[in-house]
Amino acid sequence: MIDQSLEKSNHLAGQEERSNSLPAHGLKPERKIGPSCEARKGVTSRNRPEIALLLYCARRRLNNEADVELQPLIEQIEDWERLLKISSRHLMMPLLYWHLRCAPAGIVPVAFMDRLRDYFHRNVARNLQLTAELCKLLRLFEENGIKAIPYKGPALALSLYGDTAFRQFSDLDLLIGKQDIVKATDLLASIGYRSPYTLNSKREASYLRSKREQLFTHPGGRVYVEIHWAFAPKPLAPSLDAERFCPRLEETSLNGIRTYALSTEDLLLILCVHGGKHRWERLAWLCDIAELIVAHPNMAWERLLEEAGVVGVRRMLLLGLLLVNDLLDVALPEVIRKEITADTTISALAAYVRRNLFAEASSPPGTAESLFFNYKIRERRWDAARYCYYMTVPPTPAEWMAVDLPTNLSFLYYLVRPARLIKKHTSLGLKRFFRV
């Protein structure tokens with residue numbers, strides 16, 4: 001398998017033609033690339049050429065105009081180690097390599113390209129291994145009457161980029177129906193997968209109701225699998241469960257295995273919710289959305305807006321769309337632009353994301369900062385208040401592992417959770433204070 005992977009990665013790396021001349025795999029590469037807008041200027045000042053270069057490489061294919069602008073950006077890079085560090089943090093190393101490999105000789109240091117090429121090859125090999133494992137799991141579930149829908153990971157890479165080589169991913173995500181949770185768990189256990197949490201039945205039921213997902217690892221930690229029966233934890237988006245999207249599923253195949261895929265509009269919605277959940281901390285997530293929009297110019301925008309409003313994630317959707325418009329020059333239809341303009345909170349949230357997206361490495365945001373962002377990203381006050389409650393009060397596996405209370409005192413975990421959060425973040429605050 002590794003030999004085949006390396007053979008494929010060598011084939012990809014050795015191609016001399018520009019990527020915009022490759023077969024389109026159903027994608028439409030005509031993304032307009034023009035002068036930087038004001039929002040992009042805010043993150044690509046003259047002393048940050050690494051960021052400007054990453055933004056230009058944040059697409060599968062570049063048109064001729066972009067090729068002309070790419071070389072001057074490369075020539076401005078002085079700190080190649082910083083470029084490598086930023087591209088790694090934003091999961092951009094495959095796309096960065098793909099575009100830099102065709103740069104004129106001498107303008108990219110040989111040692112830098114060697115490191116980038118080595119990573120590209122290893123990423124291809126790893127992704128092919130994960131894809132093979134995904135196909136194995138899909139066969140297993142199908143043989144046992146479970147409809148499993150792959151999304152993100154290999155399925156998303158093949159759908160958006162035509163090849164798994166151009167995305168970085170580390171786990172496999174499968175959506176199943178709630179009625180299949182126990183059966184799927186038993187099947188994964190039968191082939192060696194284990195859950196990292198050891199919980200009694202009552203605690204496990206509480207955890208699964210809130211998180212609506214379960215993580216499994218293969219012996220040796222080489223493969224992580226997450227089964228979901230909803231696309232987001234209950235506190236984040238209570239209505240995004242599997243049953244809601246089943247009527248719009250589209251039959252497809254993955255490496256010859258019959259499977260199902262989300263509709264284009266549903267996939268876009270889910271990607272925006274995922275990015276919003278994580279405060280849009282990775283540029284690669286915006287690349288995915290940009291590729292999806294460019295590949296499907298006839299998106300049913302009105303239906304998408306209506307669906308987002310019904311499930312309470314309209315602001316999350318619009319924030320993701322504003323960011324790809326600002327940073328990656330993806331054109332948006334008039335109906336979307338009007339909705340963004342009408343909600344001033346979206347512009348404020350986008351400004352926050354842009355300030356933090358390429359900030360120098362720092363400690364992760366505190367609970368208060370994350371709560372505030374996730375409170376503001378919701379257009380319905382009740383949803384926002386419910387989110388804050390679920391994130392600060394109900395116990396999680398961390399509390400169950402930290403304090404072993406008898407069953408008749410389990411209600412005390414509702415005090416343990418806020419106490420642990422206060423202790424943790426007070427301690428972090430004091431450490432930051434004494435470093436000043």
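Two strands pair if DSSP finds at least two bridges between them. The exercises below apply this to a predicted model.

**Exercise 1.** Determine which strands pair with E4, and in which sense.

Solution.
- Step 1. Strand E2 (residues 171-175) pairs with E4 in the parallel sense, over 5 bridges. Leu175 stands opposite His228 in E4.
- Step 2. Strand E3 (residues 213-217) also pairs with E4, over 5 bridges but in the antiparallel sense. Here Val225 in E4 is the bridge partner of Phe216.
- Step 3. Of the 5 residues of E4 (residues 224-228), 4 are buried, so the strand is largely enclosed by the rest of the structure.

**Exercise 2.** Describe the pairing of E1 with E2, and state how the residues of E2 point.

Solution.
- Step 1. E1 (residues 149-151) and E2 run antiparallel and are joined by 3 bridges. Leu174 in E2 is the bridge partner of Pro150.
- Step 2. From E2, Asp171, Asp173 and Leu175 point one way, while Leu172 and Leu174 point the other way.
- Step 3. Buried means under 20% relative accessible area. By that cut-off 5 of the 5 residues of E2 are buried, so E2 is largely enclosed by the rest of the structure.

**Exercise 3.** Locate the nonpolar cores and the surroundings of Phe112.

Solution.
- Step 1. The largest nonpolar core has 99 residues, and Leu53, Phe112, Leu240 and Leu268 have the most contacts inside it. Helix H15 (residues 314-328) supplies the largest share of this core, 10 residues.
- Step 2. Leaving aside neighbours within four places in sequence, Phe112 is in contact with Trp80, Leu83, Leu84, Leu96 and Leu100.
- Step 3. A second, separate core of 27 residues includes Phe169, Leu174, Leu187 and Leu188.

How values were computed
Residues numbered from 1 in each chain as written. Predicted model: local features only at pLDDT ≥ 70, side-chain atom pairs only at ≥ 80, totals over all residues. Heavy atoms only, no water. Core = buried A, V, L, I, M, F, W, Y, C linked by side-chain atoms within 4.5 Å. Buried < 20%, exposed > 50% of the residue type's maximum accessible area, 1.4 Å probe, protein only. Helix = DSSP H or I, 4+ residues; strand = E, 2+ residues; numbered from the N terminus. Contact = heavy atoms within 4.5 Å.
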